[in-house]
Amino acid sequence: MNLLKKLFDWIEVRVGASELVEKQLTGYLLPRNINAWYSLGSVLLFIFVLQVVTGILLLIYYVPDAEKAYSSVSHIMNNVPYGWMIRMFHAVGSNMMVLVLLLHMISVLFMGSYKKPRELNWLTGFMLLTLVQGISLTGYLLPWSQLSFWATTVATNSANAIPVIGPHLVEFLRGGKLVGAHTLGRFFALHVAVIPVAIAGLIGAHLFFLKRTGVSTPPFGQKETGNQWQGDSYRHEDHPGGIPFFPNFMLEDLRSISIYLALFFAVVFFNPYLFFPSSAFVPANPYVTPAHIKPEWYFLANYQILKIFPNELIGLAVQGAAMTFLALLPFIDRGKEKHPLKRPLFLACTVIGLLVWLALTVWGHYS
Amino acid sequence: MLAWFFSGAFLIGVVLFQPIPAVSAETTDTVCYECHGNMPGTLGEPVKLWRSSIHAENGISCHSCHGGDSKDMANAMSRDRGFLGVPKEKDIPAFCGRCHVGVLKDFKASAHGRALGKGGPTCVSCHGNHHVLKASLELINEKSCSRCHSYDRAKVIKTAMQDTEKLIVDIEGRIAAYKKIGADIDRLEKGLFAVRNHFHSLFHNVDVEKVKKEASQIQSDLKKLEETLAKMDRTQQRRKIAGVVTVAVALLAALLFHLLGKTFKHEKDV
């Protein structure tokens with residue numbers, strides 16, 4: 001015990017650990033009315049770490065070569081001890097990451113936490129959403145199955161609709177006229193090096209902005225629910241008399257992560273094939289197109305929109321406009337009120353938007 | 001930066017999947033059904049029949065049997081390019097036997113084979129010529145057999161083979177289910193293929209005693225496949241048990257963190 005204290009003191013006088021703990025953990029106060037939705041950010045961070053760890057483990061056996069990719073994944077699933085589990089953790093985790101990310105964004109929307117001065121938090125979050133979609137799309141090709149091959153063929157082919165640069169863009173994305181070994185090489189590099197580094201950097205920026213602006217106060221259970229920031233000078237939103245991050249909110253975070261894990265394990269161990277159609281287990285064959293190729297569930301709405309519009313370019317433009325509107329929301333919605341029930345127009349638009357997205361997703365699934 | 005990002009977002013999040021037409025294995029490069037597919041009567045009928053055959057299912061196209069150049073419309077039916085046309089009745093077994101070598105041998109040695117050219121049946125009598133049916137016990141039936149002779153003897157053979165056939169169908173279904181989830185079933189598939197071929201060769205033998213004797217050997221081979229599948233079932237079961245444990249541990253941890261959180265909240269409020 002004495003030795004431990006001596007060691008602690010030795011570190012303390014050198015790095016000032018107590019002060020750091022006081023400032024960043026026990027003395028870091030959060031709003032008293034903070035709720036469980038605020039812990040989704042920590043859940044996402046946990047999922048990202050799990051994805052990186054399982055991804056590194058998969059890299060030990062995965063071979064990014066069109067001739068060997070499918071058999072290497074099959075080897076991981078069938079012969080490597082616990083390989084199936086690592087692969088399922090990674091594949092199911094990628095879907096869960098998108099799901100939790102969407103929930104996190106919806107909670108930020110309803111609590112008005114995207115409003116100034118948090119525009120940069122929102123923008124970095126939105127960029128993270130698109131990068132997570134990008135890393136999922138590039139990862140989809142790597143098993144080199146029928147699903148991988150044809151989903152990527154169709155996805156990259158859609159870029160053809162962009163005037164002038166479309167065909168060049170398709171060739172650039174594929175590394176050739178058709179999806180092939182070069183596409184696999186490109187997507188592999190993007191999936192394991194470029195996008196993860198970009199995501200890690202953006203997570204850092206997102207957390208930096210969070211630390212600098214302070215945690216937003218939820219509008220629920222408050223008398224005053226308007227945005228107090230005047231925009232005249234930098235101000236960190238403090239919460240005197242709030243609850244400490246450690247141990248109180250960290251336990252809330254841990255509870256949310258445990259609930260997430262229960263759900264995650266339930267999918268991995270009971271129905272890991274929830275996200276895999278049977279074409280995901282057939283080696284890629286450029287000469288045989290499977291009858292029904294559908295994108296991942298989170299792209300089904302985009303897929304259905306393209307089917308609805310007679311002109312592919314219009315379909316793409318509508319989606320581009322919707323995405324741009326969402327990205328720039330903090331600059332468009334400049335009202336001070338944060339409580340959703342006091343913002344009927346916002347509430348109606350958001351609920352209708354979510355219902356339309358859900359309806360398009362279901363329609364895309366059954367169409 | 002923003003413009004770049006929105007371009008990226010536009011491409012990744014928006015430029016996405018388009019519906020694509022369903023194309024099956026039948027799109028193997030062949031010009032045959034470009035003409036015959038639209039022809040009336042006996043010239044077009046084979047294409048329609050073939051589409052729902054076991055041959056179409058396995059990617060065996062017109063030229064695989066009839067020869068010719070399937071990529072050159074002008075010379076598709078040229079004898080110089082190996083076009084064989086329609087075989088004469090007595091040549092049918094040899095025509096089919098170019099691929100089904102073992103079956104041809106069994107057929108020739110059987111009562112059916114010995115009656116070839118003397119009013120006996122050929123392959124197409126039972127299997128059909130273009131709507132080629134998958135070999136199964138269903139092909140042995142009173143309607144079909146009694147076209148030529150009494151059904152009694154065929155019935156005895158069918159009864160002797162029924163249990164084995166049932167076992168094969170059952171194992172085939174279980175292997176297909178594992179295939180759908182990416183399990184390594186290569187050896188199982190090859191094993192079943194070999195056993196089924198052996199079994200189906202008995203179909204052509206039409207020798208009751210031989211069928212009874214070999215059926216027991218085949219059943220023992222099938223049992224080995226069943227054992228492998230049972231082992232795979234047990235692995236799946238173990239995974240589910242591990243799932244119960246991990247989900248329970250995660251939920252317990254959630255409860256523990258919840259109660260601990262309440263304790264700290266209570267202490268602070270006090």
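Start by selecting chain B, where you will find 13 helices and 0 strands. Keep in mind as you look around that this is a predicted model. Colour chain B from its N terminus on, and the elements you pass read α-α-α-α-α-α-α-α-α-α-α-α-α.

How much of chain B is buried? Of its 270 residues, 34% count as buried. If you like to trace contacts, take those in chain B between residues at least 6 apart in sequence: 62% of them join residues at least 24 apart.

Now move to chain A and select residues 166–174, which form helix α8 of chain A, together with residues 181–213, which form helix α9 of chain A. Turn the view until you can see both axes: they lie 7 Å apart, and the helices pack at an angle of about 75°. Angles of 65 to 115 degrees count as roughly perpendicular, so that is the word for how α8(A) and α9(A) are placed.

Which residues meet here? Show the side chains of A:Phe172, A:Leu173 and A:Arg174 in α8(A); they meet A:His182, A:Thr183, A:Arg186 and A:Phe187 in α9(A). Sorted by class, this contact has 3 nonpolar, 2 polar and 2 charged residues.

Select A:Lys116 and A:Pro117. The peptide bond from A:Lys116 to A:Pro117 is cis, with omega near 10°. Where is A:Pro117? It sits in the loop between α5 (83–110) and α6 (119–141) of chain A.

Next, go to A:Phe246 and A:Pro247, which are also joined by a cis peptide bond, with omega about 5°. Here A:Pro247 is in helix α10 of chain A, residues 245–270.

**Two residues with positive phi**

Select A:Tyr82, in the loop between α4 (69–78) and α5 of chain A. Its phi is near 60°, a positive value in a residue other than glycine. Is A:Tyr82 buried or exposed? A:Tyr82 counts as exposed because its relative accessibility is 58%, and the cut-off for exposed is over 50%.

Finish at A:Trp144, in the loop between α6 and α7 (146–157) of chain A. A:Trp144 is not a glycine, yet has a positive phi of about 55°. With a relative accessible area of 9%, A:Trp144 is buried.

Notes. Residues are numbered from 1 along each chain as its sequence is written. Chains are lettered from A and ligands numbered from 1 in the order in which they are written. This is a predicted model: local features need pLDDT of at least 70, side-chain atom pairs count only at pLDDT 80 or more; totals for chains, interfaces and linings use all residues. Side-chain values use heavy atoms; hydrogens and water are left out. Axes are lines fitted to C-alpha atoms, for helices over the stretch in contact, and angles run from 0 to 180 degrees between N-to-C directions. Helices (H or I, at least four residues) and strands (E, at least two) are DSSP runs, numbered from the N terminus. Angles under 35 degrees count as roughly parallel, over 145 as roughly antiparallel, 65 to 115 as roughly perpendicular and the rest as oblique. Contact means heavy atoms within 4.5 Å. Ala, Val, Leu, Ile, Met, Phe, Trp, Tyr, Cys and Pro count as nonpolar, Asp, Glu, Lys and Arg as charged, and the others, Gly among them, as polar. Buried means under 20% relative accessible area, exposed over 50%, partly exposed in between (1.4 Å probe, protein chains only).
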